[in-house]
Amino acid sequence: MTNSPQRRGRSARRNAAALAVLVSGALTAGCMSDTNATRASDTKAAHVSGASATRDEQARLRRDADAITALGVTGVQARLVTPDGRNVIATSGVADVKTRGPVSPDGYLRIASQTKTFVATVVLQLVGEGKLSLDDKVERWLPGVVSGKGNNGRKISVRQLLQHTGGLHDDYVDYTSEDDFSEHRNDVYTPEQTVARAMKHHPDFRPGKNWGYSNTGYVLLGMIVQRVTGHAWHEEVRDRIVRPLGLEHTFWPGTSPKLPEPHAKTYQRFKPGEPLVDATEQVGQGINGEAGLVSTTADLNRFFGALLAGRLLPPAQLAQMKRTVGISKAFEPLMPGAKDGLGLFSHPLPCGGVYWGHEGGDSGWITNTGVTADGRRSVTVSMTGAIAESPDHVLRIVAAESKLLENALCPTPTNSN
C-alpha cells in the first residue's frame, strides 16, 4: 500500500463527475498516433443487432458509435432499450489494438462513478425505511471522521454528500509515468485512508454554499451505509439492487485487477508522443463507494430503467432523488444544461423534456447511461482507450457521446446530423 506525495495528482482523478473525467484524466492528454488509434476506416466492422428494431434506430446508433471511434476512441459499445423491450446494440472500433478483434456487445466494464447511483439508491432506501435521514449530519454516524483544516462533520448533511454540496476536497493519486503505473497499479486504499487524505486539505467551500463534485463524499456515504446496516456498502447494493433486479453481471471485484471475459482492453498514454499502455488490469483508484462496481451495458440499462420507473424507491424518495441543483460553471461546458440530484443528473433533451443518468470514468473506461423520465427508454454507451489530443478534442468527444444518447432517447431526433 503506497501513498507517496510525489504521486499526488489533481483531485478527483478518473472518478470525476459525469463527463468531467474526460478532462481530469479518463481521456489522458497526449498526441495520438495513427497506428495506435482507431480511425474511421476501422469502424466499417461495426456490429449492430436487434432483429425487430427499426432501421432508423439501427442506423442512428451505428452512425453515432462510428462517430465516436472516428475521433480516436479505441472501442465503443452502445445498447438502447426501447419502450417495448427491444434491444438495439451497436459496437464500433476494436477490443484490442494488436489483434484488431471486434468489441463484444456484452463486454464487462468498470463503471467507476456510475457506482454512485447504486450507493445513492441504497441510502435513499434506508431513508424510506426510517433508518437514516437526509438531514442527519455526518458526525452522527461517523464521529470525529470529518474534522481538521476547517472540515466539520457537524455541518455537513447526508443530502449534501449525495448532492456534492458538502464542500469536501478530493485527494486522489495520479500516475506520472508508465513505470509509476506498473509499480502502483494495484495499490489499495481503505475508506479511512481516502478520507484522511482529504482531511489534510481545507474544504473547497462552506457546506451548502456551492457545488463541487466530491468522491470523498461518496466514500463517506459508503461508510455511513456500513454503520447503519452493519454491512459493507457493496453487500447492501448486492442484496437490495443486484439480486432483486437479476443483474447477473454486476458485482464488486474488491481488490482484483482482472475482469471476466469478454471485455475490451483499454489504454492510457502518460506523456505526449509516448506509446499507448495497456491499462486493462489494475485496481481502480476508487473502490469504496465513490466507484468500484463492474457491470455491462445490459445491466446498467436495467438498473437505471428500474430506478426511474419507481421499482427501487418509494415515490417520496425518488422525488427527493430528482430534486436538483445547478452544477458549477467549470462543469457547464462538459454538461450543458445539466443539473444534479441525489446521485443522478438531469440533462435537457433536444426533443423536449429531460433524461436522467450518470457517467463514470476510470482506468480507461468512459461509460454513460441515460434514461427517459418514465424509465421506459434507456441507452448506455461505453468507450475504451480514448486519448485526447487537446481540450478541444475532449469537447468533440463529449459532444459525440452526448449526441448518441440524445438521438437514442428521442424516438424522432430533431437533429440527426
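Predicted model: local features only at pLDDT ≥ 70, side-chain atom pairs only at ≥ 80, totals over all residues.
Start with the largest cavity, which holds about 90 Å³ of space. Select its lining: 16 residues in total, with Arg110, Gly284, Gly286, Ile287 and Gly292 the closest to the centre. A cavity here is a set of points on a 1 Å grid over the protein atoms alone where a 1.4 Å probe fits but cannot get out, and lining residues have an atom within 4 Å of a point. Grid points are joined across faces, edges and corners, and the volume is the space filled by probe spheres set on the points. Colour the lining by type and you get eight nonpolar, six polar and two charged residues.

Residues are numbered from 1 along each chain as its sequence is written, and side-chain values use heavy atoms, with hydrogens and water left out.

Next, select Gln77, Val103, Ala264, Ser382 and Thr384. They lie nearest the centre of the second largest cavity, which is lined by 13 residues and has a volume of about 70 Å³. The count of cavities of 30 Å³ or more comes to six.

Now for the rings. The whole structure has nine aromatic pairs. Show Phe303 and Phe304: their ring centres are 5.0 Å apart and their planes are at 65°, so this pair is edge-to-face. Rings of Phe, Tyr and Trp (its six-membered ring) pair if their centres lie within 6.5 Å, with planes under 30 degrees apart counted as stacked, over 60 as edge-to-face and the rest as tilted. Phe303 is buried at 0% relative accessible area (buried means under 20%, exposed over 50%, partly exposed in between, with a 1.4 Å probe and protein chains only). Phe304 is buried too, at 0%. Then pick Trp211, Tyr213, Phe331 and Phe345, a cluster linked by ring pairs.

Two charges are worth a click. Arg197 has its charged end over the ring of Tyr189, 4.8 Å from the centre, and Lys116 lies over the face of Tyr218, 5.7 Å from the ring centre. The rule asks for NZ of Lys or CZ of Arg within 6 Å of the ring centre and within 35 degrees of the ring normal.

How values were computed. 1 Å grid on protein atoms, 1.4 Å probe; cavity = no way out; pocket = protein on both sides within 12 Å on 5 of 7 lines; lining within 4 Å. Nonpolar A, V, L, I, M, F, W, Y, C, P; charged D, E, K, R; others polar.
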